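Subject: A structure for you to look at

Hi there,

Here is the structure I promised to pass on, with some notes to read alongside it. Please have it open while you go through them.

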Amino acid sequence: MADVDRYEPRGDRGHRGGYGGKKRRLREDDDSYDRRDRPQRRRYEEPTGTRLRKQLLAIAESPLRNAEDEALNIAKITAENWDDQYIKDTFCEISILLVLEQPFKIPFVAACVLHANTQNSEITTEILARAGAKAQGFLETGGWKEVKLLLRFFACLHSLFEDAGVFPILDELFNRAVDLQTASSEDTLGLELVKIILFTIPYIMATSTSESEQQKAAQLLNKTDIVASTPHMLDALVDPYINNEEEENRPMGFQTILTLLQKQLQTEAANEWKLACIPRPYSAVVTSGSDENGDAPTPAKHPFPSITVPTTVKLGPKALFPEIYFSLYADQDIESVPPTSNIAASLIRDTLVDTMNHLDFNRNAVAKFLIEMDCYWAPDTFVKRATPFDKLRAVPENKSTWKPEDLAVDAVFSQLLQLPTPEHKLVYYHSVITESCKIAPAAIAPSLGRAIRFLFRNVDAMDMELFYRFMEWFAHHLSNFEFRWKWTEWLDELDQSDLNPKKAFIIGALDIEIRLSFAKRIRETLPVQYAPLIPEGRDKDTPDFKYADDSTPYAEEGREILALLKKKASEDEIQTVMDKISAKAAEHNVQDVLVPCTDAYMTSVCYIGAKSISHVLSCIDRCKERLLAIGPQSEPARRQIISSVVDYWRDQPGVAVNIVDKLLNYTIITPVSVIEWALTDRLDRGRALARSQTYELVATTMAKVMNRVRQIVD
């Protein structure tokens, strides 16, 4: 390239155009110069391994490309370069990673393997060996979600296997499940094993519906029906709604995924296993392997990988509970999601949930997959993305009305509102919803609005834990979108008592919004009718010191303690003032004179540390010895520490909760004292239960205790 003339200005490079701005005449301007004589830049061609990696990772992601053609091309590249170790490792490793991290693509990865098998059976042998080793490892360590996905992969490859294929290992899993269920009525691992079996069967039947396969599937379903149809003693623990006995008042009937899936599979069996939603990108596998004469060779058969279910199966790293089918849109007049009677409801939900929980390290990718989920299912399974809900009525009767964005939102909330705890931290699911809204606001926002309205209508029937999760998410979500919401829709609720669940939700949500911003900003986003819910006291950075008012009992002594603490006086000087308060309290027949002393002391600590949480922690640390000495002397005085903090920060309850949490860390107060304070001293005939602060204090304290117990056990 050195002989190619390039424009280089003469003289000072800072002067545009060189001498006097005149441009040098390029050789291309000379008529005698032929451009074809100039050396051409070489085209860059990606290495085959890189191209294979990209194509495999992006399989089925574009609706403009035919997934079968993509699978065939990937198989062809792999087969032609199988002797290259990098190609071999890339194909096998990426395929297994896609199976475990992007379950949407399992049928398409299986199609690649099926196509490759017609061209080079060694490819199939290698990937089956690697996938089998992975499955064996997860079986031994209790990685049951991974076992489920790998068995699904094998199910999509069922036509490759000799003899019975996947069915024998499903029978082994059922035998272990029966043993576990027989040993204990509280067992949940057995339920998980049966769920794995039921989620594998439809993918086998989508690959092959021969009479022998149908008989084997029917036999398995007959056996699993015993476990799936029996209520579990922990079902009530995971029920999202209260008043379980009043079924007609519930927003949705109680159904575990296991029971629901069993019924759906029995229905599919009666309908000859149509399984209309499952994609079948491997339908042309045999013809793709035709020879020059057009004759289709018989694909090589392979033994099922050597996988042994341990005699004693492990629970795994996390506790298991019965899983319910929670939906915001199911079984309504207009089917924007599959009805619970349709197998698609369980299959699509399961894939969405696994994608979210396995790809938790990349929320942006998860949001993208949720929005583009319609690419990974059979054609015509969904309506066009972002179709308005009102237009679903105009869809012809023989066409689907399922909205992909409704299914995505439904799946996220099924995890966000899962009892007793979700798979990941709540903020992860918050962020997935936020990213989805940013990527496709026109599609997600209307579905999300309908979800919020459904949940708000039913907050009075929700479990209290879920009530608080919904409230916290709602406020957090609005904070990401300029706190915009149609608050006028809820004006009628403002006339209700503060004990009304909907009114309590509004009050709690506004409190969290203020914590995430500031009072004036939130007040500006609300209609004027909401003004009484945000008192003027919330605008103050530092709350008033109550002992500055002479009408307050022990006002003079309170101010003295404040002054002594500010100048870091000795404990003897502070004790002298405390003795004065004790004497006055005794004169007024106060039962425990240490209570008013503690109130004056702790209120002064709060006032000094009001500038920031670091200031109050510094002050508590300096006064720790005296505060620690209060509890052993008087339990009411110990609870007074909590009262003083909460009363001082009454206009900013979030700060009070934070400080109480720090006091627990210092062991100045105990978990029992927090519970007694919240549910005895301040119960106020039940009114405290309507305040989110009370729930937050109790929940935070209980979580701290449970974590400590786990640490001791571990």
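By contact I mean heavy atoms within 4.5 Å of each other. Please also keep in mind that this is a predicted model.

With that in hand, let me start in helix α8, where Lys 195 is found. Is Lys 195 buried or exposed? Its relative accessibility is 9%, and anything under 20% counts as buried, so Lys 195 is classed as buried. Setting aside neighbours within four places in sequence, Lys 195 is in contact with Ile 257, Leu 258, Leu 261 and Glu 323.

Val 194 is found in helix α8 too. The relative accessible area of Val 194 is 0%, so this residue is buried. With neighbours within four places in sequence again left out, Val 194 touches Phe 174, Ala 177, Thr 224, Val 227 and Leu 258.

In soluble globular proteins, nonpolar side chains tend to be buried together. Here the largest nonpolar core has 170 residues, and Phe 153, Phe 154, Phe 413 and Phe 474 have the most contacts inside it. Which helix gives the most to this core? That is α8, residues 189–207, with 13 residues.

Next, a helix pair. Helix α3 (residues 85–101) packs with helix α5 (residues 121–141) at an angle of about 45 degrees, and their axes are 10 Å apart. The two helices are therefore oblique to each other, and their crossing is right-handed. On the α3 side, the residues that meet α5 include Phe 91, Cys 92, Ile 96 and Leu 100; on the α5 side, those that meet α3 include Ile 123, Ile 127, Ala 131 and Phe 138. By class, this contact has 8 nonpolar, 2 polar and 6 charged residues.

Finally, some backbone details in loops. Most residues other than glycine have a negative phi, and most peptide bonds are trans.

- Asp 331 has a positive phi, near 55 degrees, and is not a glycine. Asp 331 is in the loop between α11 (285–288) and α12 (343–358), and is partly exposed at 48% relative accessible area.
- Asp 380 also has a positive phi, about 65 degrees, without being a glycine. The loop between α13 (363–371) and α14 holds Asp 380, which counts as exposed at 62% relative accessibility.
- The peptide bond from Leu 419 to Pro 420 is cis, with omega near 0 degrees. Pro 420 is in the loop between α14 (404–416) and α15 (426–439).

Best wishes

How values were computed. Residues numbered from 1 in each chain as written. Predicted model: local features only at pLDDT ≥ 70, side-chain atom pairs only at ≥ 80, totals over all residues. Heavy atoms only, no water. Axes fitted to C-alpha atoms, helices over the stretch in contact; angles between N-to-C directions. Helix = DSSP H or I, 4+ residues; strand = E, 2+ residues; numbered from the N terminus. Parallel < 35°, antiparallel > 145°, perpendicular 65-115°, else oblique. Left-handed = near helix turned anticlockwise from the far one by under 90°. Nonpolar A, V, L, I, M, F, W, Y, C, P; charged D, E, K, R; others polar. Buried < 20%, exposed > 50% of the residue type's maximum accessible area, 1.4 Å probe, protein only. Core = buried A, V, L, I, M, F, W, Y, C linked by side-chain atoms within 4.5 Å.
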